[in-house]
Structures are given as structure tokens and as C-alpha cells.
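Here is a short briefing to read alongside the model. Take a moment to look over the sequence and structure, then follow the topics below.

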Amino acid sequence: MRIKVFIVLLLAAFVTGLFFVAVPAQAAEPIKIGALLPLADATGKDGSRSMELAVKQINAKGGILGRQVQLIVIDDELKAEKAAAALDKLCTVDNVDFIVGGMASGITMALIPGMKKYGKVVVWAGAAYSGVEKAMEGQDWFFHLHAWDYQQGAYYEKGWAEVKQKYASFKRDKMFMAYEEGAFGSGSFKGQKVLAENGKYEVQGEAFKSAAMGGGDYRSVLRHAKEFNPDQFIWVGYDKDALPMMEQAKEIGFSPLTFVGSPPAWPVDFAKQPLNEGVLLYSYWADTMKNVSRASKTYSDAFHKEFKDTPTTYFGPLCYTNIMILADAIKKAGTIDKAAVIKALETTNYPSPLGDTFVFKKSNVIDHQANSWPKFMQWQKGKLEVIWPWEYATAKMIYPFPAWDKRGKASATIEGEKKAVPAKDAKKDKVKK
Amino acid sequence: MKYWKYLICAVLLIVAVSLPKFIGVYPLQMANIILIYMALALSWDMLLRTGQLSFGIAGFFGLGGYATMLTSTYFGFNPLLSLMAAAITAGLVAALVGYSVLRLRALYFAIVTLALGEIFRVIAQNLEITGGTEGMLLKQTMFKGDAASTYWVMLAIGVLTIIISIIFQKTRIHYASTSIRNDEIVAASSGVNIFKYLVIIFAVTSAIQGLVGGAYVQLYGFVEPTATTFSINFVLMPITMALLGGLYTTWGPVIGAVLLSVIAESLKLRIPYGHLLVYGIIMVVGILWFPGGIMGFIKKMFKISNQ
């Protein structure tokens with residue numbers, strides 16, 4: 001009898017034990033991260049896929065704090081009212097713990113009232129317009145990854161100064177900026193004028209209506225630029241402007257010493273266009289960086305393995321970084337408590353696929369600005385090569401920009417070589433092992 | 001039968017007013033979007049009843065938005081007062097401009113209204129007090145973003161628009177606008193003061209669009225001339241909604257706005273990467289299936305006359 005009672009008690013203890021073991025597993029709700037991105041845009045597509053990749057990798061390693069991570073991505077449709085509604089859904093219906101994502105400054109502006117209302121920890125990838133920064137003054141829960149417009153401008157100046165210092169043949173005494181008439185373009189020109197005054201070079205500019213806003217004829221602006229005869233021509237617009245801009249520049253025979261494009265993303269098939277050869281651009285990342293940065297290679301390979309594709313915009317690695325930084329902070333904090341996560345985010349030190357090691361510092365207005373910096377890149381033989389900063393360079397700059405009537409012949413690099421350095425040779429030794 | 005209509009309307013209004021008690025912030029935000037587009041679609045239709053096709057919705061919407069932003073920022077107007085300023089500014093500008101542009105007809109008028117929007121945008125973009133191309137941020141949104149209060153303001157604007165539309169349909173304005181649309185010479189010879197009616201209707205519908213623009217700025221807290229405040233989206237969407245719902249009716253644009261907004265949002269949540277394509281197909285098929293709009297189809301089914 002005693003044995004029977006003992007066995008029953010043992011079984012009861014075992015079942016109860018199982019129950020207590022099972023309960024925490026059932027109760028472990030996933031950590032919810034809400035993302036807002038423009039999914040019909042190349043930046044949003046790359047960004048959301050990279051976030052999914054990051055979450056998949058985190059969950060494959062057992063999640064964070066023993067909990068799985070759930071990513072909820074909503075399309076902001078690049079419309080202010082839709083983005084605001086999406087934020088409300090994330091915060092009140094999906095009850096997310098953190099907010100990430102973001103691309104356009106205009107859309108971020110519409111989200112500011114909602115972000116302030118909910119006060120959740122926000123790690124924001126996009127928005128370069130410094131007006132957003134001003135509106136976020138004193139918000140300790142706001143962490144910003146992308147450089148602000150004025151930071152980018154100052155950094156470009158630094159880059160060109162280094163190029164000039166290294167190569168005596170490089171000239172940049174006269175600059176012409178063609179800019180789209182919106183906040184992005186005219187803000188850039190405004191900043192450029194200030195920088196030109198300080199840098200003591202001549203600058204002229206003219207606005208154009210971007211093809212993204214129903215425009216697409218740049219002949220008048222290009223002719224004025226040609227008459228000005230600048231050493232450097234920069235156009236600030238969107239991906240839709242890239243091809244017609246190049247075609248029309250060719251049409252009027254405009255080929256300054258350096259031809260720079262500065263859209264947030266390039267058309268997917270721009271790499272296949274022969275018109276792209278020698279075009280310089282500002283960007284944060286190119287797939288060729290996998291040859292000079294281990295973090296970039298790891299990301300690139302994982303992305304390709306997962307999607308059988310290559311990200312076309314830097315929003316891919318930026319959004320991957322976005323999730324990884326947050327995940328690291330939650331791990332460090334050991335909780336999803338807001339104050340603890342903020343504190344942990346402040347100690348971020350993340351080697352990003354973008355090349356930079358992300359840490360948060362104070363910018364002009366906000367306390368949590370990441371040190372992500374753009375790079376000079378150039379289209380060479382259908383590939384994007386990094387030209388500057390020197391530590392990430394994957395090729396030497398083709399200089400001057402090849403004249404339209406001399407295309408098809410060998411291009412000269414800035415060091416006077418007749419041929420552009422084949423990307424493979426330049427990169428081989430630079431892979432950090 | 002007549003009283004049933006009022007009873008149904010009263011019940012619907014009570015349900016609409018009490019919605020914040022039963023639904024969360026997100027559905028209320030969606031309701032705000034529906035009300036924005038509904039008011040724009042209905043105001044556009046009100047002018048179309050005279051035969052005048054306007055593409056100036058975004059222009060007056062943006063003008064109202066800027067009026068709200070400027071009066072709030074520089075004169076410290078409270079949100080409701082700034083909304084009134086938006087409606088009055090848009091209405092007055094429309095009345096003044098209307099004196100010259102309402103002599104035009106058909107495509108000429110349509111193109112001039114489109115150009116008006118562009119002119120307003122260029123002015124806003126080039127003035128320093130309007131924040132130039134970068135726009136401006138509102139210091140504080142209406143009712144600090146409280147979902148219920150902002151919804152009630154939007155509901156009031158929606159109901160006001162419906163009431164104005166009903167007034168337009170139940171008074172002599174209806175006969176005037178219908179006769180102008182059918183044959184101006186006959187209308188004039190019947191003693192209809194065509195120009196006066198056109199100016200009044202243009203000013204009132206533009207005031208509604210300005211009011212909605214002001215509310216939009218109070219809801220989302222910013223103006224930005226190129227991509228948002230004067231966006232072509234505020235022309236195309238209301239027109240599509242009115243077309244699908246049924247032209248020359250009060251309830252057509254209302255149904256169109258509700259239906260398309262709900263479909264768009266549900267599709268977005270179900271098909272994140274391809275919803276715009278499906279949405280486009282639904283719009284095209286919908287308009288092809290219901291050439292007279294949903295209201296036209298309902299009228300045909302139940303043989304209801306336009307009267």
C-alpha cells in the first residue's frame with residue numbers, strides 16, 4: 001500500500017513538475033518588434049528582407065532572453081496618413097515592444113506625434129532631414145542610425161579634401177549642383193552653399209522637377225551646368241532621375257571632370273547601363289564591400305543564401321544593423337524594460353555590414369546619433385566600387401569622367417593608369433581575415 | 001418612408017459618435033483617413049454636378065493645410081480656430097480666383113484648376129515664412145493626438161460635408177447645377193444665374209477641401225509642399241472613390257471612400273508586397289463593372305429615380 005501511495009505521489013510530482021516546466025515555455029511571449037518601411041520601394045524591400053534575415057538568425061540561435069523575436073513589418077506606402085495609422089496599429093493592436101525602420105524624412109515627420117504619444121524605444125534607420133532631429137530634442141527613447149543632412153555634407157567635404165590632398169591632378173574649384181525641388185534636394189543645395197563658402201570654392205545650382213514627381217526633362221539644367229563649366233557636377237534626386245539624367249547629359253555632350261549622382265537608391269538595372277561608367281555617387285554600402293569588410297561579407301552571403309538575390313540599396317545592411325543593434329541591447333539589458341534597454345543601447349558597439357562600428361553619440365540636437373558615414377563610390381564596369389574612405393576602397397577612381405565620344409576605350413584612373421584597376425585584384429588583399 | 005430615412009441617419013450618427021467607446025486607436029485612425037477622403041470625394045462631386053471637372057482638390061487642400069500651420073505657428077490660433085481659418089482662406093481664394101476661371105469650361109477649366117494647385121505649391125515652396133521646400137512642423141497636434149477627440153473633429157467635418165451635399169441636392173442649387181450641367185443656354189434662358197451659382201459652389205467645395213487640409217495638418221503635424229501637402233494623391237484618390245461610388249449623389253462618394261479605404265488597408269495587411277497591384281485591379285474592375293458607380297447599380301436594382 002505504502003509503495004502504491006509512494007508511486008502515486010511520485011507520478012503526481014512528476015506531472016506537476018512537467019506542468020511547472022511547461023508553463024514558462026508557454027508563457028514566453030515573443031519579443032515583438034514593429035517595423036515601418038515603404039515596401040513598394042527598393043529601399044523598403046531590401047530593408048524588410050534584411051530585417052527578416054536578422055530576426056531569423058536571432059531566432060535560430062534561441063532568440064533573446066529565451067524568447068523568440070517576432071517582426072511585424074507594415075508598409076508605410078510613403079504616405080503620411082498611412083504611416084501614422086500603421087504606427088497606431090503596431091502600438092495598440094500588435095502591442096509591439098519596440099519600433100524600428102523608417103526611410104523618408106517626410107513620412108518620419110508625420111510619425112513624430114505618434115512616436116511621442118506612445119514613447120516606445122525607437123531605433124530609426126532613415127530620415128536625414130535635420131528638421132526631424134530638432135523635433136526629437138530631449139526624447140531619450142529615440143536612437144537614429146542614418147547621418148543627418150548636415151553631417152553628410154560635412155563628411156563629403158572631408159572626403160573630397162582627402163582626395164585632393166592625395167591626388168594633385170584632382171580639381172574641384174567650381175561645382176554645379178542640380179537638385180530636385182523638394183526638401184531633399186533643396187536642403188542639400190542650401191547646405192552645399194554654406195560648405196562652399198567655408199571651403200572657398202565656387203558653387204552654382206539649379207532645381208529640377210524629379211521624374212519621381214512627374215518631371216524628367218533635365219536638358220535646361222544640364223545646359224546651364226555645361227555653360228558654367230564646372231569641375232564637379234552633382235545631381236541630387238531620386239532613382240527615377242538616374243537614367244534620363246545620364247541620357248540627356250550624353251545628348252548634350254556634358255562631361256565634367258567628375259559626374260556625381262546622389263539618389264537614396266539607384267534603379268535596379270542601372271548596373272547594366274553602359275552610361276553608368278565613371279559615375280560617382282554617395283552611398284553607405286555596396287556589395288563589393290564584402291571584399292574589404294568581414295561583417296559586410298557575412299551579411300552579403302547570408303542575404304544571398306536566403307533570398308538568392310543581392311541588396312541593391314544600403315537600406316538592406318542598414319536595416320539589418322537596425323535589428324541587430326536592438327537585439328544586442330535587449331540581451332545586454334536582460335529585460336525589455338524601456339529604461340534598461342535605453343541604457344544598454346547607449347553602450348552599443350556594433351560592427352555593422354556598412355563598415356562602420358556603430359556607437360551612439362550626441363549630435364547637434366539629439367543624444368543618440370549613430371556614427372554611420374557615407375562613402376564615395378563609382379560605377380566601374382557595371383559594379384559599384386568604393387573609392388573613399390581609403391580603408392574601404394575596392395578600386396581606384398576613374399578620373400576624369402570619360403567623355404561621351406571616347407567611351408569604349410580604356411578609362412584612366414586618377415593615378416594615371418590606362419585601365420581601371422580590375423575590381424578583383426584591388427580587393428583580394430584587403431579582405432580582413 | 002420619409003421618417004425612416006431620418007431615423008436610419010440618426011442611428012448611424014449615434015453609432016458613429018459613440019465609436020471611440022467601442023474601438024481602438026488604430027480603427028479610429030483608419031476612420032479619420034476614410035473621413036478625409038470621403039469629404040474630398042464628396043466636395044469634388046458637388047462641383048461636378050454643375051458639369052465642371054476640377055483637378056484643384058490638392059491645391060485647396062494644401063492651401064488650407066498651410067493656413068492652419070501659419071495661423072497656429074505665427075498667431076497662436078487654437079486648433080479649431082485654425083481649421084476655420086483654413087476653410088475661410090480656401091473659400092475666399094476660390095471665390096476670388098473663381099471670378100476669372102469659372103468663365104472657362106470643360107478641359108480648360110480642369111487644366112486651370114490643376115495649374116492653380118501647382119501655383120499654390122510653388123508659392124509655398126518659395127516663401128521663407130512657409131518653411132520653403134522643407135516645410136514646417138506643428139508644435140503640438142490637435143488635442144495632443146487624442147484619438148477620440150480628433151476622430152470627433154473629423155466626423156464633424158464629414159457630417160458637415162454630407163449636410164452641405166444634401167442641402168445642395170434638396171434646394172434650388174440642385175436644379176441650377178443640373179440645368180447648367182445639361183445645357184447652359186437652356187439654364188440661362190430659364191433665369192438661372194449660372195456664374196453666381198458656379199462661384200458659390202466652387203467657393204463652398206474649396207472651403208471644404210481647405211478645411212480637410214487643415215485637419216490633416218492638425219492630425220499629422222506638418223506641412224511639406226512637394227511630396228505630401230499638395231500631393232497628386234489628394235486628386236486621384238477622391239476622384240476614383242467618387243467614380244466607384246457613383247457620381248452626382250451624396251452617398252456614392254461616401255460608399256466609394258469607405259469601400260476603397262477599407263479594401264486598401266485590408267489588402268496591405270494581407271499582401272504586404274503586392275497589395276497595390278491587387279488594389280489597382282480591383283479599382284479598374286470595379287469601375288468597369290459599375291459604370292454608374294455602386295449607387296447607380298443600387299438605383300438600377302431598386303429602380304430608384306434620381307429625384
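The expected span of a helix is 1.5 Å times one less than its number of residues. Helices (H or I, at least four residues) and strands (E, at least two) are DSSP runs, numbered from the N terminus. You are looking at a predicted model, in which local features need pLDDT of at least 70 and side-chain atom pairs count only at pLDDT 80 or more, while totals for chains, interfaces and linings use all residues. Residues are numbered from 1 along each chain as its sequence is written, and chains are lettered from A and ligands numbered from 1 in the order in which they are written.

**Helix α11 of chain A**
- Helix α11(A) covers residues 315–333, and its 19 residues should span 27 Å at 1.5 Å a residue, which agrees with the 27 Å between its end C-alpha atoms.
- A residue is buried if 20 or more other C-beta atoms, placed from the backbone, lie within 10 Å of its own, exposed if 12 or fewer, and partly exposed in between.
- Because 16 of the 19 residues of α11(A) are buried, the helix is largely enclosed by the rest of the structure.

**Two domains in chain A**
- Chain A splits into domain 1 (27–148 + 291–370) and domain 2 (151–288 + 375–428), with bounds that come from an automatic or database domain assignment.
- Their C-alpha centres lie 29 Å apart.
- The contact between them takes 22 residues from domain 1 and 18 residues from domain 2, where contact means C-beta atoms, placed from the backbone, within 7 Å.
- On the domain 1 side, the elements that give two or more residues are α2 (42–60), α4 (105–118) and α11 of chain A.
- That side has 11 nonpolar, 11 polar and no charged residues; Ala, Val, Leu, Ile, Met, Phe, Trp, Tyr, Cys and Pro count as nonpolar, Asp, Glu, Lys and Arg as charged, and the others, Gly among them, as polar.

**Where chain A meets chain B**
- Here 29 residues of chain A are in contact with 27 residues of chain B.
- α3(A) gives the most to the chain A side, with 8 residues.
- By class, the chain A side has 15 nonpolar, 7 polar and 7 charged residues.

**A proline in chain B**
- B:Pro253 sits in helix α12 (residues 251–270) of chain B and counts as buried, with 35 C-beta neighbours inside 10 Å.
- Not counting residues up to four places away in sequence, B:Pro253 touches several residues, including B:Met38, B:Leu42 and B:Met241.

Conventions:
Two residues are in contact if their C-beta atoms, placed from the backbone, lie within 7 Å.
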